[in-house]
Amino acid sequence: MRKPTSKPAKTSTLTRQRFAIAILAAGKGTRLKSQRPKVLHEIAGHPLLAHVVAAASQVVAPGNIFAIIGHEAERVRHALAASGINFVLQREQRGTGHALMEARSALEGFEHVLVLSGDVPLIQPETIALLRDFHIAHAAAMTILTAEPPDPTGYGRMFRKKVKGKETDEVERIVEQKALRGKESGQREVNSGIYAFATKPLYSHISGLTTDNAHHEYYLTDMATLLGKAGRKVVALRAPDSSEVLGVNTRLELAELDASLRDKKARELMLSGVTIFRPNTCDIDADVEIGTDTVIEPFVQLIGRTKIGSNCRIRSYSVITNCQLGDDVLVRPGCIMEDSVIHNGAQLGPYSHLRPGSEIGEGAHVGNFVETKKTRLGKGSKANHLTYLGDAEIGEGVNIGAGTITCNYDGVNKNQTTIEDEAFIGSDATLVAPVRIGRGAYVGAASCITEDVPADALAIARGRQVVKEGWAAERRARIKKTK
Ligand code: UD1
Ligand code: CA
């Protein structure tokens, strides 16, 4: 999500007027056809509401932000708990106007309230600040942020007052899509659902809203007419970029906004020196950082707080979540990695699975069908094939043979395996934890190791080989006779 660059000044003389931000987030999102509340649907790896909260937090302190929640309120509250914002419950969702009625006691103490929509996630802090400043400069009771998107269908339309046929800043009314009549549907300027209100006139007139409309809801948009009739000033400001105020009402729009954010992220990375082949096939979350000259092949997902150093190559079909990669790391195709640290020059894959708590040392190799969990593999160590390493501390220069398994779970507890520097574990060894393999020790192939192995020793724990000369030929002869 956005970095706290805090461009809009929080301390300008204008903001001394005490601004709250209310975010409308109580609706069900019927058009998404989902069990999940609309504002928790995600774009670029974060819930819609989290994008709006991040932008709002750049303009006012989180303590002055009030999310109005209702549908699945506890889920929404829980998802945003760490943000430090306040929540107001709108028990029944009777419209955007009703949402502000329910928030009256929270907002009345502020001189102004900026109203954002939980389903308009691309709004930028600079634009919120622009709206705030325009609202103050016009001494307006209500200021409406508008836009002219390529397709205005579905949005409420803005009708401005005209003087001698020319449009002014002042608003006549907003007409919802369903109420548009005749030529009105040709109106291209839309209501973004983002507003600034002076709190006093808002709450002196809000009781004038009615549910006399297609949805039988209290429309916040009707405040424009109400305040206008009361002789209060209602103005409109066009957003500098209409794409910022696109709303999400359907899954189609959800995918479009997700794609536009991902596209933006990929562009930023490419301009900062990262090669991304076929960027539209890659999903890179907003917080991901990548160093210069790193190459990202097609169909890669980089999720959460992943940080990748310089000169790495991430090959196709890898999914990397919350990992730290050093420089010169090679991730071959099909690796799944989560909450892990990979040091400089390490090589992974194809098809390695690094589960949480894995740390792969400098220049170490983890190969195909190797799974690690809570395991540290030291510098230059290798586990190249078909292996499970769980709860293991492995030193430097260790060779883990194909098919080695740490038996870390005894049905009750997880136990630790320690393998000291330069040890050699033969193929198909099973290491029954807790167990320690000493420095430089050898473990014979196919051994089942249940006791510690001292440094520089050889441990073999398997049945001795028996050879029965001629046995196979005799058997074949026996079978032939009985036929
Ligand atoms: C609204 C505007 C429309 C504008 C559009 C921009 C109204 C009546 N219409 O329409 O003019 O063009 O946004 O995107 O306001 N919500 C609540 N409580 C409720 C109802 C809704 O908190 O009782 C929240 C929703 O969760 C959502 C926001 O308010 O985040 C907007 O509601 P929605 O139903 O999506 O309004 P639109 O039909 O998009
Ligand atoms: Ca909407």
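Start by selecting Gln90 and ligand 1: a polar side-chain atom of Gln90 lies 2.7 Å from a nitrogen atom of the ligand, a polar contact (a pair of N or O atoms within 3.5 Å). This is a predicted model, in which local features need pLDDT of at least 70 and side-chain atom pairs count only at pLDDT 80 or more, while totals for chains, interfaces and linings use all residues. Residues are numbered from 1 along each chain as its sequence is written, chains are lettered from A and ligands numbered from 1 in the order written, and side-chain values use heavy atoms, leaving out hydrogens and water.

Next, click on the calcium ion, ligand 2. Which protein donors does the calcium ion have? They are Asp119 (OD) and Asn249 (OD1), 2.3 to 2.6 Å from the ion; donors here are N, O and S atoms within 2.8 Å of a metal, or 3.2 Å for Na, K and Ca, and water is not among the atoms, so sites may look incomplete. The two residues are 130 apart in the chain, Asp119 in the loop between strand S6 and helix H5, Asn249 in the loop between strand S11 and H8. Helices (H or I, at least four residues) and strands (E, at least two) are DSSP runs, numbered from the N terminus.

Now select helix H1, residues 48-56: nine of its nine residues are buried, so the helix is largely enclosed by the rest of the structure.

Move on to Ile437. Among the residues it touches are Thr418, Leu431 and Val453, with contact meaning heavy atoms within 4.5 Å.

Finish with some backbone details. Gly349 and Pro350 are joined by a cis peptide bond, and Pro350 sits in the loop between strands S24 and S25. The bond from Ala433 to Pro434 is cis too, with omega near 0 degrees. Lys164 has a positive phi of about 50 degrees although it is not a glycine; at 85% relative accessibility, Lys164 counts as exposed.

Definitions and conventions
Buried < 20%, exposed > 50% of the residue type's maximum accessible area, 1.4 Å probe, protein only. Polar contact = N/O pair within 3.5 Å; in protein donor to acceptor, adjacent residues only side chain to side chain. Lists of a residue's contacts leave out its neighbours within four places in sequence.
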